[in-house]
Amino acid sequence: MRSYYINNQHQKEGVHEVHTAECPFLPNSMNRRYIGAFKSVDMALENASNVYASVEGCKYCCEKQQK
Ligand SMILES: [Zn+2]
């Protein structure tokens with residue numbers, strides 16, 4: 001299980017990025033919200049979509065982990 005956070009500041013077109021706790025691109029504590037600990041990126045994204053309508057996994061930490 002990994003801990004996941006979502007960036008409170010959106011990227012292009014209102015998309016909010018999801019990061020693991022270990023990601024070097026994790027936003028500082030003022031700009032992120034803890035989502036929870038999940039077994040997969042998919043589960044994290046599903047929960048993140050309850051917070052923000054449009055979410056995606058960080059290309060650095062979330063895609064690498066899925067392989
Ligand atoms: Zn990341």
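1. Tyr4 has Gly36 in β3 as its bridge partner, and β1 (residues 2-7) is joined to β3 by 6 bridges, the two strands running antiparallel. Strands here are DSSP runs of E of at least two residues and helices are runs of H or I of at least four, numbered from the N terminus, while two strands pair if DSSP finds at least two bridges between them.

2. This is a predicted model, in which local features need pLDDT of at least 70 and side-chain atom pairs count only at pLDDT 80 or more, whereas totals for chains, interfaces and linings use all residues. Residues are numbered from 1 along each chain as its sequence is written.

3. The open sheet has 4 strands in the order β3-β1-β2-β4, with mixed pairing. Because β3 (32-38) and β4 (55-57) are at the edges with a single partner strand each, one side of each is left without a neighbour in the sheet.

4. Confidence is expressed as pLDDT, the predictor's confidence in each residue from 0 to 100; the mean for the protein chain is 93, and 94% of its residues reach 70 or more. Confidence is highest in β1, at 98, and lowest in helix α2 (residues 62-66), at a mean of 66. Where pLDDT is low, the predicted coordinates should not be read in detail.
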